[in-house]
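The following report describes selected features of one protein chain. The sequence and the coordinates are shown first, and the discussion follows.

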Amino acid sequence: MITLICGSMYSGKSTSLLMKIQRAVYGRKKAVLIRPKIDSRGYFTHSLGNEVLSQFVENGRLTQIELSEFTQEKADELCSFFDAVFVDEFFMIKNCAVLAKASSVNTNVYFSGLIASSENEVFEECISILPYCDEIEKLNGVCMECGSQIGNYSLYKAGVKTKSIEVGDMNKYECVCRECYLRINKKL
């Protein structure tokens with residue numbers, strides 16, 4: 001089964017992925033967490049899950065690797081060895097569709113990450129895996145401007161972006177609702 005967990009910044013995507021990782025580890029599945037090499041933030045989730053994840057890796061119950069791109073060989077290797085493959089921030093890793101195509105009925109693959117950039121341009125990696133998804137979990141955050149429960153936009157607030165994927169945290173991004181996104185972008 002292939003599952004996509006998506007939403008805006010601060011909507012709980014990595015926390016949701018962590019819950020699925022926990023279930024796999026507790027179920028004694030051979031599991032791997034794939035993180036993008038480009039992600040330099042130094043943590044997995046904003047919640048307290050970082051400690052849980054570290055314990056799983058340290059105890060040998062979860063393998064963790066960093067990738068910048070999926071090759072056919074790597075995808076085949078992952079799907080033949082692991083029962084569960086978890087890909088965090090999938091939109092930062094090239095050729096995710098290769099992994100989606102390589103997955104078998106014996107391997108569950110979970111992709112977690114943003115749908116679109118802060119300019120609302122859908123990431124190519126998201127488009128490429130959609131046809132293969134058996135399940136899509138769409139999350140919304142809380143608007144960090146007005147408190148609306150439907151924060152669906154990632155707002156870049158650190159000036160002018162120099163590249164389409166600008167890794168950052170609360171110092172660069174906010175989760176906002178549609179009304180606040182449109183209001184703020186009129187000012188820019």
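Does E174 count as buried or exposed? In this predicted model, E174 counts as buried, because its relative accessibility is 12% and the cut-off for burial is under 20%.

E174 belongs to strand 8, which spans residues 173–176. Both faces of strand 8 are covered. Y173 and C175 are buried on one side, and E174 and V176 are buried on the other. In a regular strand, side chains alternate between the two faces of the sheet. Strand 8 pairs with strand 7 (residues 153–156) in the antiparallel sense, over four bridges. Within this pairing, L155 stands opposite E174. When neighbours within four places in sequence are left aside, the contacts of E174 are Y10, M144, E145, Y153, S154, L155 and K157.

An open sheet is formed by six strands in the order 3-2-4-5-1-6, with parallel pairing. Its edge strands are strand 3 and strand 6 (135–139), each of which pairs on one side only. On average, neighbouring strands of the sheet are turned by 15° against each other, with direction ignored. Strand 4 and strand 5 (residues 108–114) run parallel and are joined by five bridges. V85 stands opposite V109 of strand 5.

Helix 1 packs on this sheet and touches strand 1 (2–7), strand 2, strand 4, strand 5 and strand 6. The direction of helix 1 makes about 165° with that of strand 4. L17 is found in helix 1 and is buried, with a relative accessible area of 0%. The C-alpha atoms of L17 and L4 are separated by 9.7 Å, and the two residues are 13 residues apart along the chain.

**Helix 3**

Which residues of helix 3 are buried? In this helix, which covers residues 72–81, they are A75, L78 and C79. Seen down the helix axis, these buried residues fall within an arc of 90°, so they line one face of helix 3. An α-helix has 3.6 residues a turn, so residues three or four places apart point the same way. E73 and S80, on the other side of helix 3, are exposed. The cover over the buried residues of helix 3 includes strand 2 (31–36), strand 3 (63–67), strand 4 (84–88) and helix 4 (96–102).

Most residues other than glycine have a negative phi. R28 lies in the loop between helix 1 (13–26) and strand 2, whereas N95 is placed in the loop between strand 4 and helix 4.

Key
Residues numbered from 1 in each chain as written. Predicted model: local features only at pLDDT ≥ 70, side-chain atom pairs only at ≥ 80, totals over all residues. Heavy atoms only, no water. Buried < 20%, exposed > 50% of the residue type's maximum accessible area, 1.4 Å probe, protein only. Helix = DSSP H or I, 4+ residues; strand = E, 2+ residues; numbered from the N terminus. Arc of directions from axis to C-beta. Contact = heavy atoms within 4.5 Å. Pairing = 2+ DSSP bridges. Axes fitted to C-alpha atoms, helices over the stretch in contact; angles between N-to-C directions.
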